[in-house]
Amino acid sequence: GVAPLAEEALQPVAALVDKEANDETKNTLLAVLGACMRRTETLPAEAAKTLCKNFESGSDSVRRAALLCAAEALQATELLAGAGGLVPSLCKVVQTAEKKPGLRGDAVHAALMLVKVAPHDPAAEAEMDKCKFWGYLTSPGSYFCALPSLDGLGAGVGVALAGLADAVLRDHQARFAKLRPEEKAVAYGLMAGVLAHVEYAVHSAAAAAMRRSHGGEPETVRGIVDGLHS
């Protein structure tokens, strides 16, 4: 089967990622690494360390490949409780994107992983609070507000943005309830923006999330409708 092969390949591939100097080859290896971690439901400490290094100091293409590698691995929900080691570096991507607009697509992928990990790891959530993650995400005027209408957003980032809006509204209800109305409006506005996005993959992902998670929540629906008209 595939799982034994993935288990056998995991450590050698992780070591190759760390040593590889060519970006194109490294990106391919990162894609393989993500698949291996997902199949084996393991996130070795050395692989996590390599990912964090590439989140923070990789070239643009390698940073994105490392983020997609981690996102692929975390499709195995068993890994969410053990992914806390990625959190500081993921937060750093979100923070850096405030001053470097070119990183904002990467920040969406990073933020989506953070909101997935937090419910499974109290220490990760504490680290996110320390890094003021929720301020970046829900403050009025945050760069996240403008992302749904960003030219050249791309389907991949747009679908991740739909997932981010969905996860904030679905998995963080206790925190969401404590937000000020203007902060809630930011989260509703994200979902409204992806629902109205021109890319089919983006608005269909958002619509699927609405049907799956939020159709029976009148307050959420009202907030999103207000976002569509803002």
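Biologist: Which residues does glutamate 183 touch, not counting residues up to four places away in sequence?

Modeller: This is a predicted model. Glutamate 183 has its place in helix 12. With residues up to four places away set aside, glutamate 183 touches Thr138 and Pro140.

Biologist: Is glutamate 183 buried or exposed?

Modeller: A residue counts as buried under 20% relative accessible area. Glutamate 183 has a relative accessible area of 12%, and therefore the term that applies is buried.

Biologist: Which other residues of helix 12 are buried, and what distance does the helix reach from its first C-alpha to its last?

Modeller: Besides Glu183, the buried residues of helix 12 include Lys184, Val186, Ala187, Tyr188 and Leu190. Met191, Ala192, Gly193 and Val194 are buried in helix 12 as well. The helix has 15 residues, for which 21 Å is expected at 1.5 Å a residue, and the distance reached in the model is close to this, at 21 Å.

Biologist: With which residues is serine 89 in contact, leaving aside its neighbours within four places in sequence?

Modeller: Serine 89 has its place in helix 5, residues 87-99. Its relative accessible area is 5%, so serine 89 is buried. Leucine 68 is 21 residues from serine 89 in sequence, and the two C-alpha atoms are 14 Å apart in space. Leaving aside the neighbours within four places, the contacts of serine 89 are Cys52, Phe55 and Glu56.

Biologist: Which residues of helix 3 are buried?

Modeller: Helix 3 covers residues 45-57, and its 13 residues should span 18 Å at 1.5 Å a residue; the end C-alpha atoms are 18 Å apart, which agrees. In an α-helix there are 3.6 residues a turn, so residues three or four places apart point the same way. The buried residues of helix 3 are Ala47, Ala48, Thr50, Leu51, Cys52, Asn54 and Phe55.

Biologist: Where is glutamate 41 found, and what is its phi?

Modeller: Glutamate 41 is found in the loop between helix 2 (23-40) and helix 3. It is partly exposed, because its relative accessible area is 41%. Although glutamate 41 is not a glycine, its phi is positive, at about 55°.

Biologist: Is lysine 132 buried or exposed?

Modeller: Lysine 132 is found in the loop between helix 7 (122-130) and helix 8 (133-138). It is not a glycine, yet it has a positive phi of about 60°. Exposed means over 50% relative accessible area. Lysine 132 has 59%, so the term is exposed.

Biologist: What radius of gyration does the chain have?

Modeller: The C-alpha atoms fill a box of roughly 50 × 35 × 30 Å along the principal axes. Of the contacts with a separation of 6 or more, 67% are between residues 24 or more positions apart, and buried residues make up 47% of the 230 residues. A compact globule with 230 residues would have a radius of gyration near 17 Å, which agrees with the value for the chain, 18 Å.

Biologist: How far apart are the mean positions of the positive and negative charges?

Modeller: The chain has 23 positive and 27 negative charges. Their mean positions are separated by 4 Å.

Definitions and conventions
Residues are numbered from 1 along each chain as its sequence is written. This is a predicted model: local features need pLDDT of at least 70, side-chain atom pairs count only at pLDDT 80 or more; totals for chains, interfaces and linings use all residues. Side-chain values use heavy atoms; hydrogens and water are left out. The radius of gyration is taken over C-alpha atoms; the globule rule is 2.2 Å times the number of residues to the power 0.38. Buried means under 20% relative accessible area, exposed over 50%, partly exposed in between (1.4 Å probe, protein chains only). Contact means heavy atoms within 4.5 Å. Lys and Arg count as positive and Asp and Glu as negative; His and the chain ends are not counted. The place of a charge is taken as NZ of Lys, CZ of Arg, CG of Asp or CD of Glu. Helices (H or I, at least four residues) and strands (E, at least two) are DSSP runs, numbered from the N terminus. The expected span of a helix is 1.5 Å times one less than its number of residues.
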